[in-house]
Amino acid sequence: MNYFKKLRIRIGAFLLKHKIKNLKRSPMACNLKQAKSVGLIFNSTIEKDRQTIKKIESDLKDLNIKVEVMGFSPLKPNGDTLIGDTNHHYIGIKDFNWFYKPKNELIAQYTNNSFDILIDLYQEEQFEHEYILKTSLAKFKVGCAHLDKGLHDLMIDVGDKKGNSVYLSEQINHYLSVLNC
């Protein structure tokens, strides 16, 4: 990572820290039986993650849970968003300013949504992704344990299966099904 990118991230982290101080979020554990709305966030450049998200979304809709999906691509956004589709958002690096603060209104709407559960399939460190998760007002955030400890309320350790979104989603589904709230 070059010097300027490190500097941008440090300034962005400083700004993020001050934004988080003003957030009013009350974490509350929730299982799949209780959930009425779920947010999904994933790396949209990975084909396996896109397939996994479609399966999770289908399973959640079978449980009559409202689902909203945000795909992030650190390279460029995918053109998968359909006109009039308010439940799928695909964003890229162009949706963030020089200090990695979101400048796209869709991101603000997504983070201001108080989902019962926010499921994060992202398994790589990416500051833009971290910004979205830390500013999200979701009541219960679930994701991979090897990322920043402040990102999730329930952290799933995938061990040597890091990068396997199918395994991570199976573990998340298992723990959200047996969680007694």
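Predicted model: local features only at pLDDT ≥ 70, side-chain atom pairs only at ≥ 80, totals over all residues.
1. Let's begin with the overall layout. The chain has 5 helices and 6 strands. Reading from the N terminus, their order is α-β-α-β-β-α-β-α-β-β-α. The radius of gyration is 16 Å, close to the 16 Å that the globule rule gives for 181 residues, so the chain is as compact as a globular protein of that length.

2. On dimensions and surface: along the principal axes, the C-alpha atoms fill a box of roughly 45 × 35 × 35 Å. The accessible surface of the chain is about 10,000 Å², and carbon and sulfur atoms account for 52% of that surface. As for the interior, 43% of the 181 residues are buried.

3. A word on how the chain contacts itself. Take the contacts between residues at least 6 apart in sequence: 61% of these join residues at least 24 apart.

4. Now have a look at helix α1 (residues 3-21) and helix α4 (residues 127-135). These two pack at an angle of about 5 degrees, and their axes are 11 Å apart. That angle makes α1 roughly parallel to α4, because angles under 35 degrees count that way.

5. Who makes that contact? From α1 come Ile 9, Gly 12, Ala 13, Leu 16, Lys 19 and Ile 20. From α4 come Phe 127, Glu 130, Tyr 131, Lys 134 and Thr 135. Sorted by class, the contact of α1 with α4 has 6 nonpolar, 2 polar and 3 charged residues.

6. Next, Gln 51, which you'll find in helix α2 (residues 47-62). Is Gln 51 buried or exposed, or partly exposed? Its relative accessibility is 46%, so Gln 51 counts as partly exposed; the cut-off for exposed is over 50%. If you want a distance to check in your viewer, Gln 51 and Phe 72 are 15 Å apart in space, C-alpha to C-alpha, and 21 residues apart in sequence.

7. Last one: Met 155, in strand β6 (residues 154-156). Met 155 has a relative accessibility of 35% and therefore counts as partly exposed. Leaving aside neighbours within four places in sequence, Met 155 is in contact with Gly 143, Ala 145 and Lys 149. Ile 56 is 99 residues from Met 155 in sequence, and the C-alpha atoms of Met 155 and Ile 56 are 18 Å apart in space.

Notes:
Residues numbered from 1 in each chain as written. Heavy atoms only, no water. Axes fitted to C-alpha atoms, helices over the stretch in contact; angles between N-to-C directions. Helix = DSSP H or I, 4+ residues; strand = E, 2+ residues; numbered from the N terminus. Parallel < 35°, antiparallel > 145°, perpendicular 65-115°, else oblique. Contact = heavy atoms within 4.5 Å. Nonpolar A, V, L, I, M, F, W, Y, C, P; charged D, E, K, R; others polar. Rg over C-alpha atoms; globule rule 2.2 N^0.38 Å. Buried < 20%, exposed > 50% of the residue type's maximum accessible area, 1.4 Å probe, protein only. Areas by Shrake-Rupley, 256 points an atom, 1.4 Å probe, with all protein chains shown as cover.
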